[in-house]
Amino acid sequence: MAIFTANQQKIANKIDSSSELSNWRDWKWHLKHSIKTIDKFEELTGIKFPEDEKKQLEETQGKFPLSITPYYLSLIKKENFRKDPVYKQSFLDNKELNVTQYEMGDPLSEDTDSPVPGITHRYPDRVLFHVSNVCAMYCRHCTRKRKVGDTDFVPGKSQVEIGLDYIRQTPQVRDVLLSGGDPFLLSDDYLDWILTELRKIDHVEVIRIGTRTPVVLPYRITDDLVNMLKKHHPVWINTHFNHPREITSSSKEALRKLADAGIPLGNQSVLLADLNDCPRIMKDLVHKLVANRVRPYYLYQCDLSEGLSHFRTPVGKGIEIIESLIGHTSGFAVPTYVIDAPGGGGKIPVMPNYIISWSTNRVILRNYEGVITSYKEPDHYEATTCDRNCDECNLELDLREGYEENAIGIEKLLSDYDQAISLVPSDNERFQRRDDNGQE
Ligand SMILES: *Cc1c(COP(=O)(O)O)cnc(C)c1O
């Protein structure tokens, strides 16, 4: 059972002197009383900014708006607040106005890779479906910062239908990732309708939901919500904890309800400078996550979105963190560290190197302790040439029912059934000369 801490009681009373525990545990109450001004923030936390700083903060807010749930605000520790990870993720920082030349409004080209409004189709078999433009809290490190607070609206059914239609007509899509905004800011009924429509599509095998409500608004995870979600299995959920301080009795309760409903839980963290860029903090976080049945899924390198430069770390910091996890703790507690490629190339895993060298029959490896070892390759491995004729194959894999895609990328170069021997950028001058000369 979640506790109402003294600080939460104080904040609730300042917002509305008649507030009780039942209000505090009502997610709609939190949305109604979200902190959207600097004055309100000062009033509720007792923090007071110097006048000149406050003027600048107002300017920052003019560009990137503010919204914090009373719950998340209650986790800020007033003493030493400037170092506080909850404060830093939720409250304005004047450094947000420093836009560097490397930063972009839409670094991941989500808008360009959008075949119809609301859908980003980047990978062959799965799509991102933006079903909500609303968030419970505006994370300062949001990769979609360009859109934050623009138009807090819930797309109507006719708009969602456009995305549903695209999915219905695209049989490759077997995995639909509901995102936003935060899909859990939709009403239970509306979300139920979207899930029901998706479930009617035969080729949609898996539905995923990305939500930060367990972190910033854990009371959203009600019994009614999980009972509704349960009807649409398999449903997977990814949430977004960045710091062990966010794991509270209330967030644990939310995670327990979701896990008890049979929903596999994952977590996507963002590596943030001066906030969680520390092997000890990350190890503590992943341990707390797995103790609450959440599998660390991705650790993201901070994107090149506008106004995030003060949050960015070198890539080496992420490698160092992963180095401190692999082998040192449970395998399932280690997330995959990824850089979401600017320009829309998708997530690229970047992990420490474990292969030191290679010969025709030996691989030289090193382990997490620095022990160097050699692995002898098999003397007799009969490579089967795959021409994708599964009827003739010794392996028992009946793919006739499955959707067969053409190989792309490195997979294509590795395959036997495709004749390609190199991948060439479309503007390669050498190859253009060949074309001009009429050669192949
Ligand atoms: C992250 C992402 C996905 C899902 O990627 P997974 O690696 O399968 O989790 C799908 N589409 C887009 C556009 C994404 O950014």
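Student: Which way does α8 pass α9, left-handed or right-handed?
Tutor: The crossing of α8 past α9 is right-handed. Right-handed is said if the near helix is turned clockwise from the far one by less than a right angle, and left-handed if anticlockwise. This is a predicted model, where local features need pLDDT of at least 70, side-chain atom pairs count only at pLDDT 80 or more, and totals for chains, interfaces and linings use all residues. Residues are numbered from 1 along each chain as its sequence is written, and side-chain values use heavy atoms, with hydrogens and water left out.

Student: Which residues make that contact?
Tutor: From α8 they are K157, V160, E161, L164, I167 and R168, and from α9 they are Y190, W193, I194, E197 and L198. Contact means heavy atoms within 4.5 Å.

Student: At what angle do the axes of α8 and α9 cross?
Tutor: They cross at roughly 20° and come within 11 Å. Axes are lines fitted to C-alpha atoms, for helices over the stretch in contact, and angles run from 0 to 180 degrees between N-to-C directions. That angle makes α8 roughly parallel to α9; angles under 35 degrees count as roughly parallel, over 145 as roughly antiparallel, 65 to 115 as roughly perpendicular and the rest as oblique.

Student: Which residues of α8 are buried?
Tutor: V160, G163, L164, Y166 and I167. Buried means under 20% relative accessible area, exposed over 50%, and partly exposed in between, with a 1.4 Å probe and protein chains only.

Student: Where do they sit around the axis of α8?
Tutor: Looking down that axis, the buried residues of α8 fall within an arc of 155°, so they line one face of the helix. The arc is that of the directions from the helix axis to the C-beta atoms.

Student: What covers them?
Tutor: The cover includes β1, β2, β3 and α9. Helices (H or I, at least four residues) and strands (E, at least two) are DSSP runs, numbered from the N terminus.

Student: New topic. Where is R212?
Tutor: R212 is in the loop between β4 and α10. It counts as buried because its relative accessibility is 7%. Leaving aside neighbours within four places in sequence, the residues in contact with R212 include Y72, D182 and E246.

Student: Which peptide bonds are cis?
Tutor: One of them runs from G180 to G181, with omega near 10°. Another joins H233 and P234, with omega about 0°.

Student: What is the phi of R293?
Tutor: About 65°, a positive value although R293 is not a glycine. R293 lies in the loop between α13 and β7.
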